[in-house]
Amino acid sequence: MGDAALEVFCRQVRNRSRENKEAFSLVHHGALTGSAMAILRQELDSMVRCIFLLSISDREYRKRLLVDSINGKPWRTEDGRSKITDRNMVDLSSKLHGWARNVYAFGCGFIHLSAFHDYPDRDPFDLLTSKERKDIAGYLRHYHGFELVASTTFREIEPILPAVFEKISGNLECYIRDLEADCNLADA
C-alpha cells in the first residue's frame, strides 16, 4: 500500500495545487484579495506537509503517514501517542524557508475569521509587529524585488501576490518530485 499511497497522495496534492492555481487567478483578478490570501495559505499548507514527509528518514513511518493521509486520518508521532500539529510542520518547514512561517501565519488571518477580513477599511499590515513587518519586507525584497517601507499598505502588495503564489507552488512541485524519488530533506 506504501507506493500506492504515495501515488494517491501526490495526485491529491497536485490536484489541490492545480485547483488552487485556477481559483487564485480568478479571485485575484476579481480583486478578492482575502480569498486570494486564503488560497495562498492552502498552497503553503500542502508544501509544509510535503516538507514534513521529506524530513522522515524512516520509510515505514513515512508510508504510515501517507496511508493515514489518503484515508483521512490525522498524522501521529512515530510512537503514536501525539497528533502532529500544523505548528509542528510549520516549525520544521521554517527551518528551511524562513518565509514559510510568516506567510503561513499571515495567511491564517484570512483562513480564520479575523481583523484581517476588514482589509478594505483597515490595513492588515497595521496589525503586524514591527518584526513581522520587517521579516515580510525582507522576503518580498529578496524573492520578488519588492521594496516594502514603513508606509507600504497591504493593497500595494496585491500586484505581487501571483508571484508569491507561484514561488510556493513551484517549491511544492519540487517537493512532490522529491517524495516520488524517495528523497530525504538531506537529499532534496
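**The largest pocket**

Author: The largest pocket holds about 170 Å³ of space (probe spheres set on grid points joined across faces, edges and corners). A pocket here is an open set of points on a 1 Å grid over the protein atoms alone, with protein on both sides within 12 Å along at least five of seven lines; lining residues have an atom within 4 Å of a point. The model is predicted, with local features needing pLDDT of at least 70 and side-chain atom pairs 80 or more, while totals for chains, interfaces and linings use all residues. Numbering runs from 1 along each chain, and side-chain values use heavy atoms, without hydrogens and water.

The lining consists of Arg101, Asn102, Ala105, Phe106, Phe116, Leu128, Lys131, Glu132, Asp135 and Ile136. By class, five lining residues are nonpolar, one is polar and four are charged.

Ile136, part of the pocket lining, is also among the residues nearest the centre of the largest cavity, together with Val103, Tyr139, Leu140 and Val164. A cavity is a set of points where a 1.4 Å probe fits but cannot get out. The structure has one cavity of 30 Å³ or more, and the largest cavity contains about 250 Å³ of space. Its lining has 17 residues: 14 nonpolar, two polar and one charged. H2, H5, H6 and H8 each give two or more residues to this cavity lining, and H6 gives the most, with five.

Key
Ala, Val, Leu, Ile, Met, Phe, Trp, Tyr, Cys and Pro count as nonpolar, Asp, Glu, Lys and Arg as charged, and the others, Gly among them, as polar. Helices (H or I, at least four residues) and strands (E, at least two) are DSSP runs, numbered from the N terminus.
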